[in-house]
Amino acid sequence: MWQTFTTTLRRALPTKWELLFVLFVACYNTVFSLAPWRTLLFWLLVPLVYCFIVFIIAVLPERADSKKLAFITGLLLVISFLWTVYKNGGVVNFSGWRTFRLTLPFFVSTTSAAFFTYLFLYAYSQHVFWAELFSLVSLLLTQSRGPILGLAMALLYGGVNLYWFIALTAFIVYAIPYTLREFVGPYAFYTQRFHIWRAAWDMFVMRPFSGVGFATFPLALKVYSHPFLFQFFPFNHAHNILLQLLAELGIAGPVVFIILLKNIYRTFPPADTKNGLFLRMALVSYLGRNIFDVTP
């Protein structure tokens, strides 16, 4: 396992110039950050998270025991359920849940979109019904349109009609009525997103080269946002990965993101293998979700 990881990690290493560029951006961004120590801490976490992702890719088995797979997906679902009940003060409330946004392993539903897309596809390929069901239910329990959209995009990319039918049906039945409800209430989707996107763009315009600092978006929002955003929810990200990168890291943010993503992509197995295809579909799910949200 260790040898496999080191071999995969070598393939994921950026080039010398890419590494120097990322280090320069990190230093420059930290110096001019609204909260330098916070920014420094999060930059130090980047290589750890990067290595963890590479490790997961390296140790993915071609085939897993069906009982273990069902147990893992079921356990994650139970943990999320119990954590949500705990955060709600012991009350089981099916209205307005944000299940995996409250669990520690899945800070926002963005991450769970890619994770459970992969688990769902993997379980289906091995005909493990319960693992398929638990994975799909876990996505739905986020009560977020993004994970379903991410799954639908991934399945469209994979060209698997059954998967696409399931994802599209779930999106129509669940996401569209939920969206319509927000249009007529005080939590109007368009109004919130419009103002948060405008605030993120204003951050970039005011600080196009340095950004406001990695992981300081919530702090900067108090300066650059519309007061409406704080009437109902404490927003902490731009709800769009491109705007988030531009706001926090400046013009170099998308470049750093592409460098890291490109090198992680190089570690994927060939596309004609099961893991290679599923990882690519999970990546599409992740990027699709990030159109309307941001992985921390």
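## A salt bridge, some rings and a greasy patch

Lys262 and Glu18 join their side chains in a salt bridge, at 3.1 Å from N to O. The partners come from distant parts of the chain: Lys262 sits in helix H13 (residues 253–265) and Glu18 in helix H2 (residues 16–31), 244 residues apart. Keep in mind that this is a predicted model. Here's a quick tour of the side chains, starting with that pair.

**The salt bridge**
- A search through the whole structure turns up one salt bridge.
- As background, side chains of opposite charge can pair when their charged atoms come close.

**Aromatic rings**
- There are nine aromatic pairs in the structure.
- Trp130 and Phe134 make a tilted aromatic pair, with 5.9 Å centre to centre and 35 degrees between the planes.
- Trp130 and Phe134 are four residues apart in helix H7 (residues 129–140), so about one helical turn separates them.
- Elsewhere, Phe24, Tyr28 and Phe32 come together as one aromatic cluster.

**A charge over a ring**
- Lys274 lies over the face of Tyr122, and the distance to the ring centre is 4.9 Å.

**Glu132 and its neighbours**
- Helix H7 also holds Glu132.
- Glu132 is a buried residue, with a relative accessible area of 14%.
- Leaving aside residues up to four places away in sequence, Glu132 touches Phe120, Ala123, Tyr124 and His127.

**The nonpolar patch**
- Leu41, Leu45, Leu48, Val49, Phe52, Ile53 and Ile56 make up a nonpolar surface patch of about 630 Å².
- One of these residues, Leu41, has its place in helix H3 (residues 36–59).
- Leu41 counts as partly exposed, at 48% relative accessibility; that value qualifies for a patch because patch residues need over 30% relative accessible area.

Conventions:
Residues numbered from 1 in each chain as written. Predicted model: local features only at pLDDT ≥ 70, side-chain atom pairs only at ≥ 80, totals over all residues. Heavy atoms only, no water. Phe/Tyr/Trp six-rings, centres within 6.5 Å; stacked < 30°, edge-to-face > 60°. Helix = DSSP H or I, 4+ residues; strand = E, 2+ residues; numbered from the N terminus. Lys NZ or Arg CZ within 6 Å of the ring centre and 35° of its normal. Patch = residues over 30% accessible without salt bridge, like charges linked within 9 Å, V, L, I, M, F, W, Y side chains within 5 Å. Areas by Shrake-Rupley, 256 points an atom, 1.4 Å probe, with all protein chains shown as cover. Salt bridge = Lys/Arg side-chain N within 4 Å of Asp/Glu carboxyl O. Buried < 20%, exposed > 50% of the residue type's maximum accessible area, 1.4 Å probe, protein only. Contact = heavy atoms within 4.5 Å.
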